[in-house]
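Please look through the sequence and the structure shown here, and keep both in view while reading.

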Amino acid sequence: KGRKQGDSGRVRKTLNVVAARLGGLQPEDLQQAVAADVQMRKEDFDIRAAEDRRNDLEAKVFGLQDKLASSFASKLGPKEREQLQEELSALETWTCEHDAEEQSEYTTRYKDLDSKERSIAGRKSLAEMAEGLRGVCTACEKLLQDPATAAHISIDARQSLEEQYKEAMACVEAGGGHGMCG
């Protein structure tokens, strides 16, 4: 019974299939579970993004501390260098104590620090400025001592050049601290 013999002599089986629902979630419960999963994934993403920004901030702090001891050393005066060292130390402590801040908090602090770094990197060191000024002063001195040049410039122009030369030399000798070096 339930078997038929075909033309080829093979026996065909007839199967009765009954669909039964076993377990599973009701549609409303499934929708809530999917919504909860989406929310957890978003929270995980936000946490990872905040951790990445925190790591970026820490790397910026450590990188600036290294630069402060090397390439930025000549670009900052002692007072400014000390102030930046204190700021970096405080920021390093803050990142250790605040490991669960929002991404935007780390990003804001990173951008502030990056702006300071770019500002310092763009500066010429006092030594570079003094060297350039020394070269100008040397050229000016030669010009003032040359009799051929002296014959072609007025006395007022010569006096003005001599005054500017003296001010520039005072600036070089003061290490860039003179008003003219501003």
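**From one residue to the whole chain**

In this predicted model, Leu57 is in contact with Leu91, Trp94, Thr95, Tyr106, Arg109, Tyr110 and Leu113, once its neighbours within four places in sequence are left aside. Apart from it lies another core, made up of five residues, among them Cys140, Leu144, Tyr165 and Ala168.

Leu57 also belongs to the largest nonpolar core, which has 14 residues, and it is listed there with Val61, Leu84, Leu88, Leu91 and Leu113 as having the most contacts inside that core. Helices H1, H2 and H3 each supply at least two residues of this core, and H1 gives the most to it, with five residues. In soluble globular proteins, nonpolar side chains tend to be buried together.

Which residues does H2 contribute to the buried part of the structure? In H2, Leu84, Leu88, Leu91, Trp94 and Thr95 are buried. Seen down the helix axis, the buried residues of H2 fall within an arc of 120°, so they line one face of the helix. Those buried residues pack against H1 and H3, whereas the face of H2 turned away from its buried side carries the exposed residues Pro78, Lys79, Cys96 and Glu97. As for its length, H2 has 20 residues and spans 29 Å from its first C-alpha to its last, close to the 28 Å expected at 1.5 Å a residue.

The buried residues of H3 are Tyr106, Leu113, Asp114, Glu117 and Ile120. These residues cover an arc of only 120° around the axis, which puts them on the same side of H3. They pack against helix H1 (27-69) and helix H2 (78-97), while on the other side of H3 Lys111 and Arg118 are exposed.

A search of the whole structure for aromatic pairs finds one.

Elsewhere in the chain, Glu141 lies in helix H4, which runs over residues 126-145. Is Glu141 buried, exposed or partly exposed? Its relative accessible area is 31%, so Glu141 counts as partly exposed. Glu141 and Glu162 are 21 residues apart in sequence, and their C-alpha atoms are 8.2 Å apart in space.

Taken as a whole, the protein has six helices and two strands, and read along the sequence these follow the pattern β-β-α-α-α-α-α-α. Of its 182 residues, 17% count as buried. The protein exposes about 13800 Å², of which carbon and sulfur atoms supply 51%. Among contacts between residues at least 6 apart in sequence, 59% join residues at least 24 apart.

Key: Residues numbered from 1 in each chain as written. Predicted model: local features only at pLDDT ≥ 70, side-chain atom pairs only at ≥ 80, totals over all residues. Heavy atoms only, no water. Buried < 20%, exposed > 50% of the residue type's maximum accessible area, 1.4 Å probe, protein only. Helix = DSSP H or I, 4+ residues; strand = E, 2+ residues; numbered from the N terminus. Arc of directions from axis to C-beta. Contact = heavy atoms within 4.5 Å. Areas by Shrake-Rupley, 256 points an atom, 1.4 Å probe, with all protein chains shown as cover. Core = buried A, V, L, I, M, F, W, Y, C linked by side-chain atoms within 4.5 Å. Phe/Tyr/Trp six-rings, centres within 6.5 Å; stacked < 30°, edge-to-face > 60°. Expected span 1.5 Å × (residues − 1).
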